[in-house]
Each structure stands twice: as structure tokens, then as C-alpha cells.
Amino acid sequence: MEHHHSEQHAHTNKGNYWLGATLVATFLIIVGYLLWHNWPTLMLSTIKWQREINGQLSDLLYDAKENPTAIYSLAGVSFLYGVFHSLGPGHGKMIVTTYLATNPAKVKASLIMTVISAFLQALVAIVLVTVLLVFFNSSMREINSAADRFITLSFVAMLLLGVIVAYRALKQSWQLYKQKTHKHDHSHSSDCGCGHKHFADADSINQATNMREYIAIIASIGIRPCTGAILALLFANMVDMYWLGVVSALLMAVGTALTTSTIATMTLSGKKLVTKYLAYSDHQHSFAPLVFKLFGGLLLIGLGLLLLNSQSYGMSPVL
């Protein structure tokens, strides 16, 4: 009687699990569709807002040459640029939130990843502009064109990251399937001494590749130079205060790192709540994390294609 009650309880939990998983998947699909449908409008609104902020930055850089107190205003605007720019639509936030929501991740490693990515974007912008100005004496248009190529490369890297994540999810699912089939086809126990691992839990099947994926995420985000930093560096060079452009770029990175870290923490917190609600038996359904991981990889692929397609609008990434 007690055994029958436990089986009925497990069956009920199983039904609740898949109901919750279906609702979560449906929500993500709807959000993805709305994002895809409204992406051109979001891009145009973001570009308009970004041009207004860029105008303020250029004015403050000109003012700083005559009035040193304007440096403080420039520092504040640079920091706020990093904060608000990272709140708008962008591939860095998409990569972080999509990956963290659908893959195993730890808070500390995720925060380190977002901070390094933000500062790498600023560093790439500084190095790119410095090299082109000092060694090639490039014009603003040429620097803009070079930045555009880096941005395209970052979208391709995002696409490849999605392919890697999806491939590993499929590979791990196949390994788990074979292990479960092996378990059902053989009548030996956990202590039979045959040397086989008869069950692979969700944690063991999902670990080991995280660090390599973190590095891939940092590269796909950081390889794209911060467009605001590029503009600040160009205008700072025009007024012979290049060092101030470097400071502005780094302050933008601070604002971006703070915002993306907050977004990452919120994503992991929300994921923890959803996982706690959905989880009912890791020993029976360790396929579930791999399904979400596969979904995350496919979503990154779709977002990468969307961003590559958005460049067909011919919008300058800087001006």
C-alpha cells in the first residue's frame, strides 16, 4: 500500500514537472518570437539613443580641453553610458542570459566571466584605435570599417558558440541514453564490481566542459569592441587628450560590467527558482538539463543569425 502511494506520488510529480517545463519552454519561445519580430525597431531606437549619448560625450571631451572640471561630468556620462548601453538590446547580454539560463553555471564563475568580457571589449577598442591611429594614421571612416569587421566576427563567434553548445548537449544526451540502456539491459547492481558506472546523474553529465564554454563566451563577447569607447577615443584624439578617451573607455567597461553582472545574478536566481519548482527526481530524468542546454545552443544559433542579418540595414556601429 505504501509502495503504491509512493509510485502515485512520483507519477504526480512527473506530471507537474513536464507541465512546468512545457510552460517555461512556451514562454521562452514566445519571448524569442517577439524579439525576432521587433528586432528592427529595437535596433533603430537603440541607435538613435546611442547617437544622442555620443553627442554628449563628444561635447564633454571638447569642453574638457578648456575646462578641466568637465572631466568629472565626462566620467559620469561614460559610466552611465556603460550602464544604459548594456541594458539595451545587444549580443553580449543575449549570450550571457541565454547560456546561464539553459546551462549549468556557478555564480562566482559567471560574475568573473561577465566582468572580464566587459573589460575585454574596452581593451579591444583601445588597442584597435591606438594601432590604427599610431601605425596606420587611419581616418575615422577606416576605423569604423575595421570595428564593423570585428563586430561581424563577434556575431559569427556567437553562432559557433551555439553550435558547440548544441553539439555537446546532443553528445551528452547520447552518452546518457547509452548508459541508461546499458542499465536496463543488464541485471547487475551498483556494487557488482563489473567496473561500469550504471548511472550518470545530471551533475556529472554536465560538468567538465563549462570552463571551455566560459572562455568561448568571453571571446565571443569581448572580441566586439565597445562602440562608445571607439567614439570617445576618436574624439579625444581630435582634441589631443587621448588619455582621457582611454579613461572614458574604461569607465564604460565598469558600467557595463556592473550591469551585466547584475543581469547574470538575476538570471541565475530566476533559474534556481524554476529548477527548484521543476525538479522532482534527478535519478530518473537527468535528460531534462540536457534538453534545456540544447535549447540554449539552438537559441544562440538563432540569435547569431538574427544579428548577422541585422547588419543588412547598413547602420554604422559607431556613428
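**Note on the predicted helical model**

1. Let's start at L57. Skipping its neighbours within four places in sequence, L57 is in contact with L74, V77, S78, Y81 and M252; contact here is heavy atoms within 4.5 Å. A quick caveat before going on: this is a predicted model, where local features need pLDDT of at least 70 and side-chain atom pairs count only at pLDDT 80 or more, while totals for chains, interfaces and linings use all residues. Residues are numbered from 1 along each chain as its sequence is written, and side-chain values use heavy atoms, with hydrogens and water left out.

2. Now the overall layout. The protein's secondary structure comes to ten helices and zero strands, taken as DSSP runs numbered from the N terminus (helices H or I, at least four residues; strands E, at least two). Of the protein's 319 residues, 41% count as buried, meaning under 20% relative accessible area, with exposed being over 50% and partly exposed in between (1.4 Å probe, protein chains only). If you take the contacts between residues at least 6 apart in sequence, 86% of them join residues at least 24 apart.

3. Back to L57, which turns up again in the largest nonpolar core. That core has 32 residues, and L57, V129, I143, I230 and M252 touch the most other members. By core I mean a set of buried Ala, Val, Leu, Ile, Met, Phe, Trp, Tyr and Cys residues joined through side-chain atoms within 4.5 Å. At least two of its residues come from each of α1, α2 (70-87), α4 (107-134), α5 (140-185), α8 and α9 (242-278). Helix α8 gives the largest share, eight residues. Apart from this core lies another, of 21 residues, with I95, I218, I221 and L300 among them.

4. L234 is worth a click. This residue is found in helix α8 and is buried, with a relative accessible area of 6%. Not counting residues up to four places away in sequence, L234 touches V129, M140 and I143. Along the chain, L234 and V129 are 105 residues apart, yet their C-alpha atoms are separated by 7.6 Å.

5. How many aromatic pairs are there? The count comes to two, with rings of Phe, Tyr and Trp (its six-membered ring) pairing if their centres lie within 6.5 Å; planes under 30 degrees apart are stacked, over 60 edge-to-face, and the rest tilted. One is Y62 with F235, an edge-to-face pair at 6.2 Å centre to centre and 75 degrees between the planes. The pair links distant parts of the chain, with Y62 in helix α1 (residues 2-66) and F235 in helix α8 (residues 227-238), 173 residues apart. Y62 is partly exposed at 38% relative accessible area, whereas F235 counts as buried at 17%.

6. The other pair is Y99 with Y214. Their ring centres are 6.1 Å apart and their planes are at 70 degrees, so this pair is edge-to-face.

7. Helix α7 deserves a point of its own. Its 13 residues should span 18 Å at 1.5 Å a residue, and its end C-alpha atoms are 18 Å apart, which agrees; the expected span is 1.5 Å times one less than the number of residues. The buried residues of α7 are N210, E213, Y214, I217, I218, S220, I221 and G222. As a reminder, an α-helix has 3.6 residues a turn, so residues three or four places apart point the same way.

8. Which residues are linked in a network of salt bridges? The network consists of R168, E213 and K293. The whole structure has two salt bridges, each a side-chain nitrogen of Lys or Arg within 4 Å of a carboxyl oxygen of Asp or Glu. E213 pairs with R168, with the closest N and O atoms 3.4 Å apart. E213 lies in helix α7 and R168 in helix α5, so this bridge ties together parts that are 45 residues apart in sequence. E213 also pairs with K293, the closest N and O atoms being 3.5 Å apart. That bridge links K293 in helix α10 (residues 287-310) with E213 in helix α7, 80 residues apart.
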